Each structure stands twice: as C-alpha cells, then as structure tokens.
Amino acid sequence: MSVLDFKVQSTEALTLRNDWGKDEVLELLEKPLMDLLWQAQLVHRKVNPEYQVQLASLLSVKTGGCEEDCAYCPQSIHNSSDVTGQPDFEVESVLSQARSAKEAGAHRFCMGWAWREIRDGADFEAMLSMVRGVRGIGMEACVTAGMLTDKQAERLADAGLTAYNHNLDTSPEHYSQIISTRTFQERLETLQRVRSAGITVCCGGIIGMGESIKDRASLLMVLANLEPQPESVPINALVPVEGTPLEKLPLIDPLEVVRMVSVARILMPKSRIRLSAGREQLGREGQILCFLAGADSIFYGDKLLTTGNPDVESDKDLLQKAGVKIIYRNQ
Ligand code: SAM
Ligand code: DTB
Ligand code: SF4
C-alpha cells in the first residue's frame, strides 16, 4: 500500500497539476483570506474528511558542526549560535527514543544529521541500522542528512526508509541570500536521487526569512511542479536563533503561515502538509486555522532538532480542542 492510500478516499474530482504558473500561485496567496480558506477546505475535506493528523517525532542524531552556511541554521559552523558539536547518538539510544515516541502516539520517526552530505563509513552503517530498527518498531522512518549518492539512496531504500527530507527552503530567486555553499540545482538533484531509489520525498521550505510574497509563490510553484509531487511538504516558520544572520528578523504573522498551508493544500492535494518549525509562535487559533486549511501533520515532542516545540500536553489539548483525529500506527 502506498503511504498516500490511507487518506485518499474520494479524489476522483481532483486533478493533480504539474504546470502551475507563478502568477496563478501568487493570485492564490493574495486572495481574500476567507476565499482562500474556503478553496483550501474544499480540497482538504475531499482528501481528508476526518481531519486526520499524523504525529511525527524528531531526533537530532548528529548535532552541530555543519559545513554549510544556511543563514537560518544554528547548526552551521559559519554561525555563532550556542549549538556546539555533541557526541552522536548510538543506534540503541535512537531506537529507545523511537519506542518512547511511538508509545507517546507518534506514527513517524524523523532523524536528522547536521551534514552537508552523507559519507560512507561507520556513521552511514549506523544510520542504516537505525532505519531498519525504526521500521522494525512499526513506525515510518524519515532521514534528513543532506546530499547523497545514488548508491546511498538505494541502500537507504533497501533498509526500508519511508521518506528522505531535503528542503528547497526558499525560492530559486531568494536562495542566494540564504545559502552559498550548496546550489538550488544540487537540491533538486538530491531529490531526484531519492525519488529514483523509490523513497518518498519530503520537501518544503521556510517562510519569514525576508522573502517576498512572490518568492513564496515561486517556492510553492517549484514544489507543486515536481513530478510526482512530494508526498510530504513541511512548512516551517523561521525560528530566529541568536548567533545566526537571521536572528533579528521579526516573527512571521501567523496568518501568513495559514496562507502558505492553504495554497500548499490547493496545489498539492494528496501531499501531507506538515506544520513544522515555528508552531510556538503561531498560537492555538493560528494552528487550528492551519488544520482547517489543510495541515495534516505536526512534529510532536518537546524539541525539534535544536529548538523548542510545544510540549506534548499542550499539543494533546490542542488536537482535542481542534477535534482532529490522530493517525495511529495500524491505520
Ligand atoms: N543538514 C540537513 C539538511 O540541511 O537537509 C538536515 C537537517 S536541516 C536542520 C533540516 C531543515 O530544518 C532545513 O532544511 C530547514 O528547512 C529547517 N530549519 C533549520 N533551522 C531552522 C530554523 N531556524 N527555523 C526554521 N526551520 C529551520
Ligand atoms: C523540516 O522541514 N523541519 C524540521 C524537519 N524538517 C527536519 C526541522 C526543523 C528544525 C528547526 C530548527 C531546529 O530545531 O534546529
Ligand atoms: Fe547544515 Fe542542514 Fe543546518 Fe544547512 S540546514 S547548516 S545543511 S544542518
């Protein structure tokens, strides 16, 4: 069964398009909010009538000391944030954290490495063991670890990896303001390798990094025009971290996140739209609007990779108040 099958219940009338134009997407992003919410809901209700939400837990297996210069990231050696290199987690410790996450209700376990790219050797072998272990526990397994080769993607697929996360982060036009050590094209090539190996693609971006609305339209357009579209699309709001070049940027207006989620849902009806970093800034009502508009996953657990996330108790309360249904592992 494909990871998408469980939620696509009535999609006959939904046509997936891979030919979106930037102006069309911009027009959607700029619609009066009520009209945009209505249009997003028409799609969302069709693909997810019960408002099912997947809980995913994140673990930073390898933290800090990354050679890339991503302006938002506290883990880059080019930035002077508090995050410093820490010993990597061992396989058993990762699997015990995955088990706890499953017991707490998580359906997917996402593991991060602060690497520019995967290198062969003991660390990669450990990653493969972690993937096998997480799948053995009965959870979806996602890895985010930078660029990879075809062979590495194939080995991850053989280990049972469900998804590989590699974000485009921002529009091709704004990209050079944010990262200089890796090109937008290299990101697209990494995504292609993941796809060719038969692993599902998790790819999204960040808003609130000084980009224009046109940049947001451009990012969404590139994502939606990937063929096939990514199965999973994380929408992150920048968490401005001290010591990064973006530390002084103002927090994004929650309604901007609602707009991004709505348009992502309209353009990519069958994809899982993940309300990712920055949820603490959104407030309860902002998050509920995002569920209404099409978000169908959150990161669950007190920590993202290095920054905070709402605590489990407040998330349980949020999900209950929103009246959404949590996806359990056997569904
Ligand atoms: N090194 C790998 C990579 O870049 O693909 C994996 C880890 S990286 C931290 C995963 C993603 O986290 C980034 O692509 C970015 O979208 C997101 N991220 C990192 N720092 C963030 C921040 N301060 N605010 C919002 N999102 C952030
Ligand atoms: C994604 O798009 N967001 C998550 C996940 N994929 C790996 C990571 C968010 C990280 C936020 C900053 C931090 O905690 O270091
Ligand atoms: Fe490294 Fe990933 Fe952070 Fe960029 S986002 S500095 S690649 S850990």
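The face of helix α1 turned away from its buried side carries the exposed residues Asp23 and Glu27. The model is a predicted one, in which local features need pLDDT of at least 70 and side-chain atom pairs count only at pLDDT 80 or more, while totals for chains, interfaces and linings use all residues. Residues are numbered from 1 along each chain as its sequence is written, chains are lettered from A and ligands numbered from 1 in the order in which they are written, and side-chain values use heavy atoms, with hydrogens and water left out.

Helix α1 spans residues 22-29, and its buried residues are Val25, Leu26, Leu28 and Leu29. Buried means under 20% relative accessible area, exposed over 50%, and partly exposed in between (1.4 Å probe, protein chains only). Down the axis of α1, the buried residues fall within an arc of 160°, so they line one face of the helix. The arc is that of the directions from the helix axis to the C-beta atoms. The cover over the buried residues of α1 includes α2, α7 and α8 (254-267). Helices (H or I, at least four residues) and strands (E, at least two) are DSSP runs, numbered from the N terminus.

Residues 91-104 make up its 14 residues, and the helix reaches 20 Å from its first C-alpha to its last, close to the 20 Å expected at 1.5 Å a residue. That expected span is 1.5 Å times one less than the number of residues. Buried in α3 are Val94, Leu95, Ala98, Ala101 and Lys102. Viewed down the axis of α3, these residues fall within an arc of 115°, so they line one face of the helix. Glu92 and Glu103 are exposed, on the face of α3 turned away from its buried side. The buried residues of α3 pack against β1 (52-62), β2 (108-113) and α4 (122-137), where contact means heavy atoms within 4.5 Å. Gly105 follows α3 and has a positive phi, near 120°.

Gln287 is found in helix α9 (residues 279-293). With a relative accessible area of 6%, Gln287 is buried. Its side chain is joined to that of Arg279 by a polar contact of 2.8 Å. Leaving aside neighbours within four places in sequence, Gln287 is in contact with Leu275, Arg279, Leu282 and Leu318.

Two ligands are present. Around ligand 1 there are 16 residues, of which Tyr72, Thr144, Asn167, Asp169 and Val239 come nearest. Around ligand 2 are residues including Leu58, Thr144, Asn165, Asn167, Pro234, Thr306 and Thr307. A residue is near a molecule if one of its heavy atoms lies within 4 Å of it. The table gives polar contacts, each a pair of N or O atoms within 3.5 Å; within protein, one must be able to donate a hydrogen and the other to accept it, and residues adjacent in sequence count only if both atoms are side-chain atoms.

| Residue and part | Ligand atom | Distance |
|---|---|---|
| Trp113, backbone | ligand 1, nitrogen | 3.3 Å |
| Asp169, side chain | ligand 1, oxygen | 2.8 Å |
| Val239, backbone | ligand 1, nitrogen | 3.0 Å |
| Asn167, side chain | ligand 2, oxygen | 2.8 Å |
| Thr306, side chain | ligand 2, oxygen | 2.6 Å |
| Thr307, side chain | ligand 2, oxygen | 2.8 Å |

Taken alone, ligand 1 exposes 550 Å², and the protein buries 91% of that. Ligand 2 alone exposes 410 Å², of which the protein buries 88%. Accessible areas come from the Shrake-Rupley method with a 1.4 Å probe; for residues, only the protein chains shown count as cover.

Some backbone geometry remains. Most residues other than glycine have a negative phi, and most peptide bonds are trans. Asp169, which is not a glycine, has a positive phi of about 75°. Asp169 sits in the loop between β4 (163-165) and α6 (184-196) and is buried, with a relative accessible area of 3%. Tyr51, also not a glycine, has a positive phi of about 55°. The loop between α2 (33-47) and β1 holds Tyr51, which is buried at a relative accessible area of 11%.

A cis peptide bond joins Glu227 and Pro228, with omega about -5°. Glu227 is placed in the loop between α7 (213-224) and β7 (232-237), and Pro228 is found in the loop between α7 and β7. Glu227 counts as exposed, at 62% relative accessibility. From C-alpha to C-alpha, Glu227 and Ser81 are 37 Å apart in space, and they are 146 residues apart in sequence.
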